[in-house]
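Here is a short briefing for a reader coming to this protein chain for the first time. Take a look at the model, then follow the points below.

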Amino acid sequence: MRITGMTPTPRQLNRATLDRQLLLRREPVDVPGAVERVVAIQAQEPASPYIALWNRVAGFDPAALDEAFTSGAVRKASLMRITLHAVTAADHAVFHHAMLPVLRASRLYDKRFKAMDITVEQADALLEHLLEFAAVPRAKAEIEELLHAHVGDVGQPGVWWALRTYGGLVHAPTGGPWSFGQRPSYLAAPAEPRERLECVAELVRRYLTGFGPATVADVNQFTMLPRTTIREALELLELERYGEYLDVPDGTIPDRDTLAPPRLMAMWDSTLLAYADRGRIIPPEYRRVVIGNNGDTLPTLLVDGYVAGVWRPLADGTIEMTAFHALNDDQWAALAVEASEMRKFLGDREPQVYRRYARWWSGLPAHDVRIV
């Protein structure tokens with residue numbers, strides 16, 4: 001590992017993240033290329049990958065992401081932090097192998113699994129039947145019927161609760177405004193044997209391409225992989241070191257004064273969650289405001305590259321923007337342009353996206369509220 005220079009300043013780290021996450025400018029890149037560039041898009045809420053790419057891709061057409069999900073070029077699956085992410089098919093094949101011990105442990109060592117009348121060996125044997133059955137998309141009810149036929153009632157939450165997390169399944173598109181609805185279907189993803197530590201190393205390298213420079217603690221936060229495993233994987237990589245920060249050899253670090261345009265970010269946007277030090281994007285005083293105890297992360301306003309407030313669509317199709325501190329007229333004007341374009345984008349699919357999270361807005365600090 002090569003020691004190359006001074007530790008980047010906090011503002012340089014902010015600009016590096018924005019640059020690699022395509023947030024300094026919307027880039028003329030196709031959907032698979034954009035997903036590869038940003039590495040992994042949080043996808044718990046079906047609309048979020050679409051809004052994430054709308055913020056990043058010039059002339060983004062949501063139908064292109066529909067097609068990428070349908071063709072399998074982009075896959076939605078449980079991966080890092082045991083949450084749903086949208087990634088390229090090539091990255092999914094690697095990331096799943098890298099994350100598999102963590103995904104398994106999150107279920108098989110859980111007291112809820114241990115309380116069920118089934119062994120780990122039985123669950124793994126069931127997985128073979130499940131993957132064969134899910135060679136075509138299968139709904140949850142179909143899968144649970146198959147599993148019940150093999151092992152009967154094993155108690156709650158049921159063996160499917162475990163298998164769907166670590167079994168190598170991806171979500172199959174079911175239609176609706178954002179490809180996936182609230183009742184998902186599942187599809188077995190082709191998987192070939194891989195050397196696990198090499199997969200971890202590639203996951204770390206890919207993380208650094210999209211989020212670096214970063215520390216071992218940051219990689220741990222992004223993945224939930226043990227730090228000892230991360231350090232072992234680092235031995236397989238040729239990286240640059242800036243103090244405690246690691247980076248890929250060709251990683252860019254823009255000037256600290258690089259302009260950052262305003263953005264209306266999706267819920268759970270990966271840039272807000274990818275670091276042990278969330279201050280890279282979220283001012284410390286706002287962290288508990290926009291990220292709940294259960295991990296729910298609100299749709300935020302970025303101003304000068306940092307979280308400055310939140311946004312939401314209202315029932316009449318307008319966009320409400322709440323700033324946590326004073327913004328100047330130019331900043332509000334730029335946000336208004338973004339909000340106007342967001343209205344058009346959502347209007348074709350789901351004008352009041354995220355409406356089931358409306359309870360969050362009670363008690364938010366509101367220095368100023370604007371409606372567009």
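Where is the place of Q42? Q42 sits in strand β2, which covers residues 41–42. The model is a predicted one. The briefing starts with the whole chain and then turns to its parts.

**The whole chain**

- The protein chain has 15 helices and 14 strands.
- Its C-alpha trace spans about 65 × 55 × 35 Å along the principal axes.
- A compact globule of 372 residues would have a radius of gyration near 21 Å, and the protein chain agrees, with 21 Å.
- Of the 372 residues, 55% count as buried.
- Take the contacts in the chain with a separation of 6 or more: residues 24 or more positions apart account for 70% of them.

- Is Q42 buried or exposed? Q42 counts as buried, because its relative accessibility is 2% and the cut-off for buried is under 20%.
- Neighbours within four places in sequence are left aside here. Q42 is then in contact with S48, P49, R81, T83, L84, H85, W268, S270 and L273.

**The loop between β3 and β4**

- R81, one of the residues in contact with Q42, is found in the loop between β3 (74–78) and β4 (84–88).
- Phi of R81 is positive, near 60°, and R81 is not a glycine.
- R81 counts as buried, at 13% relative accessibility.
- I82 has its place in the loop between β3 and β4.
- I82 also has a positive phi, about 60°, although it is not a glycine.
- Why does I82 count as partly exposed? Its relative accessibility is 21%, and buried means under 20%, exposed over 50%, so I82 falls in between.

**Helices α5 and α10**

- Helix α5 covers residues 89–108, and α10 covers 196–211.
- The axes of α5 and α10 come within 8 Å and cross at roughly 115°.
- The crossing of α5 past α10 is left-handed.
- On the α5 side, the contact is made by D91, V94, F95, H97, A98, M99 and P101.
- On the α10 side, it is made by R196, C199, V200, E202, L203 and R206.
- By class, the residues of this contact are eight nonpolar, one polar and four charged.

**Helices α7 and α8**

- Helix α7 (residues 120–133) packs with helix α8 (residues 140–151) at an angle of about 145°.
- The axes of α7 and α8 are 11 Å apart.
- α7 passes α8 in a right-handed crossing.
- From α7, the contact uses L126, H129, L130 and F133.
- From α8, it uses E142, I143, L146, L147, H150 and V151.
- The contact of α7 with α8 has seven nonpolar, two polar and one charged residues.

**Helix α12**

- Which residues of helix α12 (residues 227–234) are buried? They are T229, I230, A233 and L234.
- Seen down the axis of α12, the buried residues fall within an arc of 140°, so they line one face of the helix.
- These buried residues pack against α10, α11 (216–223) and β9 (245–247).

**Two cis peptide bonds**

- The peptide bond from Q156 to P157 is cis, with omega near 5°.
- P157 has its place in the loop between α8 and α9 (159–166).
- G212 and P213 are joined by a cis peptide bond, with omega about -5°.
- P213 lies in the loop between α10 and α11.

**G175 in the loop between β6 and β7**

- G175 has its place in the loop between β6 (169–172) and β7 (185–188).
- G175 is partly exposed, with a relative accessible area of 34%.
- Leaving aside neighbours within four places in sequence, G175 is in contact with F180 and G181.
- G175 and T70 are 105 residues apart along the chain, and their C-alpha atoms are separated by 9.7 Å.

Key
Residues are numbered from 1 along each chain as its sequence is written. This is a predicted model: local features need pLDDT of at least 70, side-chain atom pairs count only at pLDDT 80 or more; totals for chains, interfaces and linings use all residues. Side-chain values use heavy atoms; hydrogens and water are left out. Buried means under 20% relative accessible area, exposed over 50%, partly exposed in between (1.4 Å probe, protein chains only). Helices (H or I, at least four residues) and strands (E, at least two) are DSSP runs, numbered from the N terminus. The arc is that of the directions from the helix axis to the C-beta atoms. Contact means heavy atoms within 4.5 Å. Axes are lines fitted to C-alpha atoms, for helices over the stretch in contact, and angles run from 0 to 180 degrees between N-to-C directions. A crossing is left-handed if the near helix is turned anticlockwise from the far one by less than a right angle, and right-handed if clockwise. Ala, Val, Leu, Ile, Met, Phe, Trp, Tyr, Cys and Pro count as nonpolar, Asp, Glu, Lys and Arg as charged, and the others, Gly among them, as polar. The radius of gyration is taken over C-alpha atoms; the globule rule is 2.2 Å times the number of residues to the power 0.38.
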